[in-house]
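Visitor: Hi, I've just opened this one and could use a hand finding my way around. Can we take it bit by bit?
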Amino acid sequence: MVKDKKIKPSKELPLGFVDRKEKELLIRDFVISNIKEIMIKYGFQYLETPSFEYTDSIGKFLPDKDRPDEGVFSFKDEKNWLSLRYDLTAPLARYVAKNYLELPKPFKRFQLGSVWRNEKPGPGRYREFLQFDADYVGTKNLQADAELCVLISEILEKCGLDSNDYTVKISSRKFTDKLFEQLKIKSKEQISTILRALDKVDRLGWDEAKKLLGVGRKDKSGDYTKGASLNNDQIKLIESTLKSKTCNSEDVLEILKIFQAYNFTNYKFDPSVIRGLEYYTGPIFEVNLNFEVKNSKGQTIQFGSIGGGGRYDNLVSNFGNFDCPATGISIGLDRLVFALMQKKDFKVKVSRPVVICVFDKSQIKEYIDILNKLRDSNISSEIYPGEGKLKKQMEYANKISSPAVILYGEDEIKSGKATLKNLKTGKESSVKIEDLSNEIKKLL
RNA sequence: GCAGCAGUAGCUCAGUUGGUUAGAGCACUAGUUUGUGGAACUAGGGGUCGGUGGUUCAAAUCCACCCUGCUGUACCA
């Protein structure tokens, strides 16, 4: 036979996508089950919306009106542009607008699902990731905002973090609005440049951030970023206002009061929390981890926040002629799981099957009888699924970390007892078929 | 997008004054053991040296461009 040189399909993954293996998935399952439990306790409804939406519905009201396609994965069907959702808030706004009359007001829902962003991936950031989102729609009551912070904190602690491991930071758009009024800055473009610069205070420090407020900054790779062109007096005022950490924003003060009532203390008023989102209208929150996160090469990486949110009183009402204030928070679950795996040495219980070795295919009925008995006792088990000699079967069992193998060949069939081999200790024992389940449970 | 570093077997990597047939460890396959894994030994398979073009008698090695990855930075709903 002539071997054609076929062009082989690529085994590489598209940029920014990853395979996720069992350990990560099991920890993720653990996190998700905690979330569901807590959300139901807090009285939220569980919702799922499709991965695709009309680009219009999730893009139209974004700041980048000229480039609704930027940053999202989109395609055109016969008629319309569709996009994979880039978060769970925009689809929620669409859902609420569509079902506005039927829904209770306020409407509390939570959602878990993958979201996609067509942008350059970074450390721990991919183009597909799992997000958790909880929102209060249809209320101006700031207790909602406060409760979101309490709730996210409960989730993190339930997942094994303690209060030193994370901080909920809170600020308000109103705080910076006031500041800009004082500075007499009205240009929208300048304001967003300033906000972006302030957002970086944490990471770069004040000296570098101030360059971004003024002329501009050259980073260590040599790349230059243009600044907001403020004068020195303006920069000084911004710096002193933010550094004073005194909150003159009424909405935040009210939330802090509610925190007290909840006995919630692990928060920090931090006016440098910006979140860059132009649709936020009031209080904003961000959750940061306080421990170092390393990549697979052992390098400490800039991990950033694992969640955040805020009040967006105009997003839903963009869809129609109704007033619909809302507030929400989300967590990047894959990033949380990634961090959790480093913080805690999770002992994930992976159940591996007991392997029943095959000596003679004609005895398949005997093997299946044993298999059914084990499975009826809820023991993970299988008949060796491949083909080959006993040695190969043992190697397989070892490779999958099976706890034990069952040998039931000619000799055993004669005596009516199977050989049970514990793969951890290597010890073998002769066990009656009806006692197998109990004996296996002892060694699991 | 911009910048720095990197890309040689499935994985981790060695391999420069350019020079036979490109190496090692781990992993894999077979055997030593036709009913016994994790150890050892023996043998074996596996490579478009990221891609394309160029320089040269000769390129994994030098040059150009491109692709991909990591890190930082920008943007980030």
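Guide: Happy to! Keep in mind that this is a predicted model.

Visitor: Good to know. How many helices and strands does chain A have?
Guide: There are 15 helices and 18 strands in chain A.

Visitor: And what does the C-alpha trace span along its principal axes?
Guide: About 95 × 65 × 45 Å. The radius of gyration of chain A is 28 Å, whereas a compact globule of 444 residues would come out near 22 Å.

Visitor: Which domains does the assignment give for chain A?
Guide: Domain 1 is made of 22-185 + 238-343, and domain 2 covers 354-443. Their C-alpha centres are 50 Å apart.

Visitor: What share of the residues is buried?
Guide: Of the 444 residues in chain A, 47% are buried. As for contacts with a separation of 6 or more, 69% of them link residues 24 or more positions apart.

Visitor: Let's zoom in. Which strands pair with β16?
Guide: Strand β14, residues 354-356, pairs with β16 in the parallel sense over 2 bridges. β17 pairs with β16 too, in the antiparallel sense and over 4 bridges.

Visitor: Where does P403 lie?
Guide: P403 is in the loop between α13 (390-399) and β16 (404-407).

Visitor: Is P403 buried or exposed, and why?
Guide: P403 counts as buried because its relative accessibility is 14%, and the cut-off for buried is under 20%.

Visitor: What does P403 touch?
Guide: Leaving out residues up to four places away in sequence, its contacts include R352, P353 and V354, along with K421, N422, L423 and K424. L443 and L444 are also among them. Another pair to look at is P403 and I440: they are 37 residues apart in sequence, yet their C-alpha atoms are 8.7 Å apart in space.

Visitor: N422 came up there. Which strand is N422 in?
Guide: N422 lies in β17, which runs over residues 417-422. N422 is buried too, because its relative accessible area is 16%.

Visitor: What does the side chain of N422 reach?
Guide: Two backbone nitrogens. A polar atom of the N422 side chain lies 2.8 Å from the backbone nitrogen of K424, and the side chain also reaches the backbone nitrogen of T425 at 3.3 Å.

Visitor: Changing topic: how many residues does helix α6 have?
Guide: α6 has 12 residues, 188-199. From its first C-alpha to its last it reaches 16 Å, close to the 16 Å expected at 1.5 Å a residue.

Visitor: Which residues of α6 are buried?
Guide: I191, S192, T193, I194, L195, A197 and L198 are buried.

Visitor: What covers them?
Guide: The cover over the buried residues of α6 includes the helices α5 (173-183), α7 (201-204), α8 (206-213) and α9 (232-244), as well as the strand β9 (224-226).

How values were computed: Residues numbered from 1 in each chain as written. Chains lettered and ligands numbered in written order. Predicted model: local features only at pLDDT ≥ 70, side-chain atom pairs only at ≥ 80, totals over all residues. Heavy atoms only, no water. Buried < 20%, exposed > 50% of the residue type's maximum accessible area, 1.4 Å probe, protein only. Polar contact = N/O pair within 3.5 Å; in protein donor to acceptor, adjacent residues only side chain to side chain. Expected span 1.5 Å × (residues − 1). Contact = heavy atoms within 4.5 Å. Domains from an automatic or database assignment. Pairing = 2+ DSSP bridges. Rg over C-alpha atoms; globule rule 2.2 N^0.38 Å.
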